Each structure stands twice: as structure tokens, then as C-alpha cells.
Amino acid sequence: MDPGWPRPGQRTVALIRDVAERLLASTSSAVDEVIAAAHEGADYRVVLEDPQLTAADRHMNKTYLLHWLSANLQDPGARVGPCVDAEVLQFARDVVRRGLDMHDLGSWRGAQHSAWAMWVDGCFAATTDLEELRDLMKVSERSMTTFIDDSIAALDEYVEQERAHLAQGANAERHATVQLLLEGAPIGRARAESRLGYALTGSHVAAIIWSESSDAAAGLDAAAEAVMRVCGASRRLTLNASATALWVWVPAAMVPPAEAIETALADSRGIHVACGRAGRDLDGFRRSHLDAATAQRMLARVGSARRVVRYEDVALVSVLTADMAQADQFVTDTLGDLATADRVLRDTVLTYVRERFNGSATAERLFTHRNTVERRLARADQLLPVPLAENAASVVAALMLVQLRD
């Protein structure tokens, strides 16, 4: 307790506890409103386009809101100390690794204004007495503003410590070099190769490897090694993008099939991989990583649990899902009842088109009889709004999206 902090009267204490209790009971909707307000006023695409950083940003906003509400439930009106949460601090470390500042992440004040608006609504619902309302809002405003200011100051201090620590190692130089390459900034090839310890000539395949949790992150390096081997490479460039993600490049001319990568990761539980297309030299180094990032974002956008995704397999779906509402409508309009039909039936249609409308090849691929394939295709045509032969390209794109969500 801060001895210099003014204590509210008993009636104000009771009202604060009442409002805090009500908002805590509707945590989910309250958090959604705060995050929406923070993102609306933010200019930080590097975070919004990274599913893991977006999730960490959401956790930070939720944690801060719950911390302040819980503190006011337990000791209404008292000064609320800065929130020190392990996952928020890890988020700050990841931000430093990316060369960002915590103030780049979004609108702290946007989140504060949204939280304050909800609190004001709660205050007006708690009392109609003007004197009580005036004191309640004065105490609340001082508490929330001080908490936000103190939290920003504490996080700034932590970030500066992390930045100073990071600057002492070679890792910061490697990150800075990769960022220059990804942004297309002018940097000499020889200088970049010397900093990275990785040759930029020839072909490259980039991968983003991430874990579902910090516990599974211990397997990231083994997964990177497995991806390197399945690509037929003997060396790799690896950067720690965050505590639960690696950026990897290997000198390879082609991306292995997704099934081969999944087999190589059989012992790596909770690990996901997104691969870009193979590319050559500096442009290929950059483009392959951007492909991998696009594929990773697409998985997060559609809520897919797929472990391995290759950009070349989902490029069309990535474009389709830029607007998820339109993508959902596209699936409904294109597939009709086939969208919710048996998965075997949908897989048969997808395989049939991929096998260039060859029934025998489809049957062989699916380990079934050709007559079975033909019966399934006939059933699919009954369910489709437009026969498969007349709309094959759209049907395949829609089925790929449905398949990713399975």
C-alpha cells in the first residue's frame, strides 16, 4: 500500500468493488473491445501480420485489464502496482529481437480509452447519486491512469535492459542484417554473408518453425535440423524470431512434399512448419521467407491445426482468405452441400482433379476401386450447385480451404 495515496470513502470502495466484479464477469467481451480499440489506432503491421505476436499482444492487453480489475476488487481504490507477467515480459523480449520498441506495438491510450469507457458505463449503472458518481469516477480515473503510466514505465525499463543485453551479442547483428535483406535495403553481399555466416548465392528454401507452447519450444532446434535434412541440405541459417519461433534458411533447390516434412517431424510434438518457395540469390532469400510468413498467417486466419504447410500448396487459398467473410461465402456458393459432406467424398473430388480427371489414377492414389471413385463423383455432382466439370478450378480452391479447416 502506498502511504501517500489518498484512500476513498467506504461508499466509493463498495461501488468500485461492484463495478469491478461486473466487468470481471464479462471478461471475454471486455477484452475484445479493448484489443479492437488498441489495434484500430495502431500502426504496427509487423505484429498484426505475425500470428504469434498478435496472440502475445492479445494476452498482454487481457492480462493488464484483469490485473487492474482484480486489484480493485481486492483493495478498491488503492494504487495498483505495475503488472509483471512472465508471458508479457517474454513478448517484450521478442519485440526487442525484432528491432521494435514497445511503443511501436499499438495504441496504449486507445486501449486505456476503451477500458475507461466500459468502466464509466459500469459507474453509471452502479449509482445515480451525483455526489457518489463524481467521487467514484475521480478515484477510478486516478487509479487507471497511474496504473497505465506505471506499467509503461516498468516495461520500458525492462525493454532497455533487454536491448542493452542483446546488443552485446552477435545475435543482434544477425537480426539487423536479415531485416535489411528482407526489406530490400542496399547491403553488400559479402558484408551480409560475413555477418550471417551463410552464403547468399545459389538456391534457398525458407521455413518458419514455431511451437504451440513454451513447453514445446524445446524441440524447435531439433525440428529445424530435421527440416534441413529432409531438404537435402547440410547447413542452415537459424534466427530466434521469438521464444517459440525460429526463422530458418537452407541452401536447397526444391521444397520437399509436405508429407515428407511431416514424417521428419514425427518426434517433434507441438511443432508447426511453414515453407516458402525455393528461390535464388538475394531475391530468393527474401521471397522464400515472405512466402513462408504468408502461409503461416493463412493457417492462423482460417484456424487450421495443420502441422506443415507449403506456400505453393496454399497460394490460392491465401488470396481467397484475405477477407474471411467473402471466403466463407465463396465456399458456400461453390460447394453447396458438398462443403459439409463426408470427408472421404470431398477428398475423392480433390484427388480426382489433381490427377487430371483420371479415374484410374484417382482410384490408385486412394487405394480403392475405380467404380467406387465414379460413384463418389456422381454423388458429389448431386451436391454441387454447378457440376464439377463446369467449375473445377473454383471447386478445388473451395475444397482446399475446407480441407485446411478439417
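What follows is a chat that sets computed values against their definitions.

Tutor: Ground rules come before the labels. This is a predicted model, where local features need pLDDT of at least 70 and side-chain atom pairs count only at pLDDT 80 or more, while totals for chains, interfaces and linings use all residues. Residues are numbered from 1 along each chain as its sequence is written, and side-chain values use heavy atoms, with hydrogens and water left out.

Student: How many helices and strands are there in the protein chain?

Tutor: The chain has 18 helices and six strands. Those are DSSP runs, numbered from the N terminus: H or I over at least four residues for helices, E over at least two for strands. The C-alpha atoms fill a box of roughly 80 × 60 × 35 Å along the principal axes.

Student: What makes Cys 275 count as buried?

Tutor: Buried means under 20% relative accessible area, exposed means over 50%, and partly exposed is in between (1.4 Å probe, protein chains only). Cys 275 has a relative accessible area of 0%, so it is buried. Across the chain, buried residues make up 48% of the 406 residues.

Student: Where does Cys 275 lie, and which residues does it touch?

Tutor: Cys 275 lies in strand β4, residues 271–275. Leaving out residues up to four places away in sequence, its contacts include Ala 206, Val 255, Ile 261, Ala 292 and Tyr 311. Contact here means heavy atoms within 4.5 Å. Cys 275 and Val 205 are 70 residues apart in sequence, yet their C-alpha atoms are 7.2 Å apart in space. For the chain, 72% of the contacts with a separation of 6 or more are between residues 24 or more positions apart.

Student: Why is Ser 114 called buried?

Tutor: Its relative accessibility is 12%, so Ser 114 falls on the buried side of the cut-off. Ser 114 sits in helix α6, residues 108–126, and touches Glu 33, Val 34 and Ala 37, not counting residues up to four places away in sequence.

Student: And Gly 303, is that buried or exposed?

Tutor: Exposed, because its relative accessible area is 57%. Gly 303 is in the loop between α12 and β6 (308–310). Its C-alpha is 26 Å from that of Leu 65, which is 238 residues away along the chain.

Student: What labels do Arg 356 and Phe 357 get?

Tutor: Arg 356 is exposed, at 75% relative accessible area, whereas Phe 357 has 40% relative accessibility and therefore counts as partly exposed.

Student: How do you know that the buried residues of α17 line one face?

Tutor: Seen down the axis of α17, they fall within an arc of 135°, so they line one face of the helix. The arc is that of the directions from the helix axis to the C-beta atoms. The residues in question are Thr 372, Val 373, Leu 377, Ala 380 and Leu 383, and they pack against α14 (324–335), α15 (343–354) and α16 (359–366). Arg 375 and Gln 382 are exposed, on the face turned away from the buried side.

Student: Why is α12 called roughly perpendicular to α18?

Tutor: Helix α12 (residues 281–302) and helix α18 (residues 392–405) pack at about 75°, with axes 9 Å apart. That angle makes α12 roughly perpendicular to α18. The cut-offs are under 35 degrees for roughly parallel, over 145 for roughly antiparallel, 65 to 115 for roughly perpendicular, and oblique for the rest. Axes are lines fitted to C-alpha atoms, for helices over the stretch in contact, and angles run from 0 to 180 degrees between N-to-C directions. In this contact, Met 298, Leu 299 and Val 302 of α12 meet Leu 401, Leu 404 and Arg 405 of α18.

Student: What about α13 and α18?

Tutor: The axes of α13 (residues 311–320) and α18 come within 9 Å and cross at roughly 95°. So α13 is roughly perpendicular to α18 as well.
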